[in-house]
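Please consult the sequence and the model shown below while reading.

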Amino acid sequence: MTTSEVLIVGAGPTGLMLANILGMYGRTVTVLEARDTLIDYPRGVGLDDESLRTIQTVGLVDEVRPHTTPQHIMRLVNGRGKTILINNPQTDEFGWERKHGFIQPEVDRVLYEGLERFENVQVLFGHEVLDVTETADAVTTRVKVLDVNGNESERSFEAKFIVGCEGGKSPTRKRLGVSFEGESPSTRWLVVDVNNDPLGTPNVFLGADPVRPYVSIGLPHAVRRWEFMLLDDETEEMATDPEFVNRMLADHVPDPTTLEYIRRRVFTHHARVAGDFRKGRQLIAGDAAHLMPVWMGQGWNSGMRDATNLGWKLTSILTGQAGDELLDTYTAERKQHAKAMVDLSLTMGKVIKMTNPAGVVLRDTAASVLNLFPSVKSYFADMRFKPMPRYTSGVLADPTTAQAGTAEATLRSKLIPVATANTRVSPVGVQFIQPNVRTDELGIGKLDDVVGNWWTLLVWGNDPIDVLPTKTIEDLQALGARLVAVVPETQYEWAKRDMSSEVLVVSDVTGRLKKWFDDRPTPMVLLRPDRFVAGACLHQDGPRTIAAVLQSMSFKGARTDIANRTLTGA
């Protein structure tokens, strides 16, 4: 029997990313994939800044970037070709452009090849999980193995935990018996991918044409994707016939007969979220946990968020830092946002698919009026309609009461520093920004690269050791947290000389961290390994806030040596 700490079922993007995160932290992982190789045709086409930040964390960003088109602009146009909405966000608060087009097979391959760096991780193709037996301490799987000659055999694998990342039809989810609530809209779509892009335009057009809604997407490596909504009487056999496809493309391409097709496929959008992402030692992630329509390009990215959330939590348990109950926060934190993204994608799809003439006129007229208001126009252009993850329960502490495991979205303290702050929106439960900072040792670099990939206590202008009691410092050291002081460039040499040697001093060369701290009355921030803010407070509230965060993660006080590992690319 083969033994590892974590079994991952499915070598898709979510499973591969989770394996990279666990491998980075030194955990033993076996990935079981029923197919004999990675999927080699395009599926997802949108990669966002949150996902790229995770890719950065596992040390593969330089390998992924060549397969992306940054700043991928989306235009929603009506049947006359008039722009209804432009989505072109300019923010880079998390260190990268908000939106990218990408070639999924190439990026998935980077994630797969990245696993070669870890002796503790193996990927086994042709391995189909037949059943799972769970005990109080482990899970055991019975697996059908198909070799290159088509011969079948069986093997057994044992692990502490198993994570199903095998897609929307997930056998793991079905074994868990959890619900998969939502809908599957009746509309079907023909997807056409071609090489040697015959148009060459670099962005995305969503055609809200009532005659036949369509999508046209320019992708990296000269790939073009079209999607066309099918009518009820158009069968899959008819839709994939070359002559039918050529008719669909006749209004888009001068000569469709010369195109080099990658694939022609009919699919139906699904919008579903599992009732629970965990039962005992078995968990689900990615499409196994949630399926969403393609309109916001969030299917692939939602899987990345799952892996990012789950990887450090499994590691905390496996190293003895936390109890198994930490995994209860996985569903609590991820389910709500996954559902919000599904709902947003459904809403966008309804706008695009509208075919009722009266409804189309109303939509186009409303868009024309709303686009006259700069604030409304920028709301869509900057993608502020997209719900960013905000955790209100999980591994966090309320910034006002220091209650463990929950956090209101508003700061409610009566203290003058809070009452006079530029914003009383709490930073707890949301991702922290990632500007460039400087150190003498590393020069100028992105914040995550400088502070490392585990817990971080970030303090503005002060030595953390000077403002926290010994017991709190000892807890942070047991957690493996990096103690970081952020100072203006002008104070860097003073801070390097006068602050404790155990504290990493970084210079805020861009001023963006100063602005962040100036806007919020929370100069002490405890960042989780996934870069979410677990606690934020004034310095004197540090001890109770940090203690509450540790309580929320079922912290056992065991020390860890996994922090701040350095990785190289694949």
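Of the 570 residues in the chain, 56% are buried. The model is a predicted one. Its accessible surface amounts to about 23100 Å², and carbon and sulfur atoms account for 50% of that area.

**Overall form**
- The chain contains 18 helices and 32 strands.
- Its radius of gyration is 25 Å, close to the 25 Å that the globule rule gives for 570 residues, so the chain is as compact as a globular protein of that length.
- Along the principal axes, the C-alpha atoms occupy a box of roughly 75 × 65 × 40 Å.

- When contacts between residues at least 6 apart in sequence are considered, 71% of them link residues at least 24 apart.

- In soluble globular proteins, nonpolar side chains tend to be buried together.
- The largest nonpolar core in this chain has 93 residues, and the members that touch the most others are Ile8, Ile55, Val163, Trp455, Leu457, Leu476 and Met553.
- The greatest contribution to this core comes from helix 8 (residues 299-318), which supplies eight residues.
- A separate core of 24 residues includes Leu396, Leu447, Leu458 and Val486.

**Surroundings of Ile8**
- Leaving aside residues up to four places away in sequence, Ile8 is in contact with Gly15, Leu18, Ala19, Leu22, Val29, Thr30, Val31, Leu32, Val163 and Cys165.
- One of these partners, Val163, is also listed with Ile8 among the core members that touch the most others.

Technical notes. Residues are numbered from 1 along each chain as its sequence is written. This is a predicted model: local features need pLDDT of at least 70, side-chain atom pairs count only at pLDDT 80 or more; totals for chains, interfaces and linings use all residues. Side-chain values use heavy atoms; hydrogens and water are left out. Helices (H or I, at least four residues) and strands (E, at least two) are DSSP runs, numbered from the N terminus. The radius of gyration is taken over C-alpha atoms; the globule rule is 2.2 Å times the number of residues to the power 0.38. Buried means under 20% relative accessible area, exposed over 50%, partly exposed in between (1.4 Å probe, protein chains only). Contact means heavy atoms within 4.5 Å. Accessible areas come from the Shrake-Rupley method with a 1.4 Å probe; for residues, only the protein chains shown count as cover. A nonpolar core is a set of buried Ala, Val, Leu, Ile, Met, Phe, Trp, Tyr and Cys residues joined through side-chain atoms within 4.5 Å.
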